[in-house]
Amino acid sequence: MSWDEHTRQGTLDLVRQVGAWIQNERRHFETGQVETKSLNSLVSYVDRHAEDSLIQGLQTLVPESGFLGEEGGSQSWVDGGLNWIIDPLDGTTNFIHDLPPYAISLALMDGDSLRWGAVYELGQDQLYWAEKGLGAFCGTRRLTIADGPAIDQGLVATGFPYHDFDSMESYLQVLRACFQGSRGVRRFGSAATDLAWVADGRFQAFFEHGLAPWDVAAGILLVREAGGHVGTFSGPAASDLDLVHSRQIVAGNPTAHATLESWTKTSFSL
Ligand code: IPD
Ligand code: CA
Ligand code: CA
């Protein structure tokens, strides 16, 4: 098992390096360089090259690990072993429109459990990371939301549906409860950043439907290690692996999470 202080530092350095490269590309990025993967799902050479660089660096740092990356650079999941879940650029639409936030999201799973994760938000140059049992941090600052405020004293973050409109009515019901029961709702366009900002106490809760493992894996560990709770719309998942694949997420400080989960449970009648 080759995950220690040395590999952790190496991984943080790699994330910083790839982040600097992305920011440099942003300076001369042109909209003609954008491709459409599916309805409203955009990609460019920046996403693909960033994923390749991350995979290359991680293969050197932790040679026995497998990968699940959004851009499919290497799909080599090692059952029961160490695996990286990578979103090389979360918030691609923001990046293309030159809007913050957008982030690198990188998580390490050990078997069915999340072990380590980082979200590098490039707009504010903030590197969030967490390790199971060690805590959650922004740089060297420890994050704690265990005593965070109730949802009626807080902000809720979410992502609006843009390609899968099947659960629209249930989603709008939860939104209505959020409008009436919180200080307000925000949609920033990067789920990984939304979760990092829950862990940092900027948002008190977050929910979204239809997310992929790479959108949420690192952020789940950040929220949990900061003292918050994360689960599906109907409650806790059986394992972290189930949770990252569930395509539903509710996160928050313990009090706000409980309230938001009661709203998703009722509205999605799960
Ligand atoms: C997207 C962002 C967005 C969320 C979408 C994701 P991408 O990721 O996280 O906030 O609402 O569902 O797909 O495509 O920018 O990596
Ligand atoms: Ca994403
Ligand atoms: Ca992405």
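Colleague: Which residue has a polar backbone atom 3.2 Å from an oxygen atom of ligand 1?
Modeller: In this predicted model, the polar backbone atom in question lies 3.2 Å from an oxygen atom of ligand 1. Polar contacts are pairs of N or O atoms within 3.5 Å, and the residue that supplies this backbone atom is Leu89.

Colleague: What share of ligand 1 does the protein bury?
Modeller: Besides the backbone of Leu89, a polar backbone atom of Ser190 lies 3.1 Å from an oxygen atom of the ligand, and a polar side-chain atom of Glu208 is placed 2.6 Å from an oxygen atom of ligand 1. Taken alone, ligand 1 exposes 380 Å², and the part of that area buried by the protein is 89%.

Colleague: Which residues come nearest to ligand 1?
Modeller: There are 14 residues around ligand 1. Glu208, whose side chain makes the 2.6 Å approach to a ligand oxygen, belongs to the group that comes nearest, which consists of Asp90, Gly91, Thr92, Tyr162 and Glu208.

Colleague: Is helix 5 largely enclosed or exposed?
Modeller: Helix 5 covers residues 191-199, and its buried residues include Asp194 and Trp197 as well as Ala191 and Val198. Just after the helix, Gly201 takes a positive phi of about 80°.

Colleague: Why do the buried residues of helix 8 line one face?
Modeller: The buried residues of helix 8 are Ala256, His257, Leu260, Glu261, Trp263, Thr264, Ser267 and Phe268. Seen down the helix axis, these buried residues line one face because they fall within an arc of 160°.

Colleague: Which elements do the buried residues of helix 8 pack against?
Modeller: The packing partners comprise one helix and several strands, given here with their residue ranges. They are helix 4 (168-181), strand 10 (155-158), strand 12 (205-209), strand 13 (229-231) and strand 14 (248-252).

Colleague: Which residue caps the N-terminal end of helix 8?
Modeller: Helix 8 runs over residues 254-268, and at its other end it is followed by Ser269, whose phi is positive, near 35°. At the N-terminal end, a side-chain oxygen lies 3.1 Å from the backbone nitrogen of Thr255, and the residue that provides this cap is Asn253.

Colleague: Is Thr7 buried or exposed?
Modeller: Thr7 has its place in helix 1 (residues 5-27), where a polar atom of its side chain lies 2.6 Å from the backbone nitrogen of Asp4. Leaving aside neighbours within four places in sequence, Thr7 is in contact with Ser2, Leu61 and Val62. Because its relative accessibility is 4%, Thr7 counts as buried.

Methods
Residues numbered from 1 in each chain as written. Chains lettered and ligands numbered in written order. Predicted model: local features only at pLDDT ≥ 70, side-chain atom pairs only at ≥ 80, totals over all residues. Heavy atoms only, no water. Helix = DSSP H or I, 4+ residues; strand = E, 2+ residues; numbered from the N terminus. Expected span 1.5 Å × (residues − 1). Buried < 20%, exposed > 50% of the residue type's maximum accessible area, 1.4 Å probe, protein only. Arc of directions from axis to C-beta. Contact = heavy atoms within 4.5 Å. Polar contact = N/O pair within 3.5 Å; in protein donor to acceptor, adjacent residues only side chain to side chain. Near = heavy atom within 4 Å. Areas by Shrake-Rupley, 256 points an atom, 1.4 Å probe, with all protein chains shown as cover.
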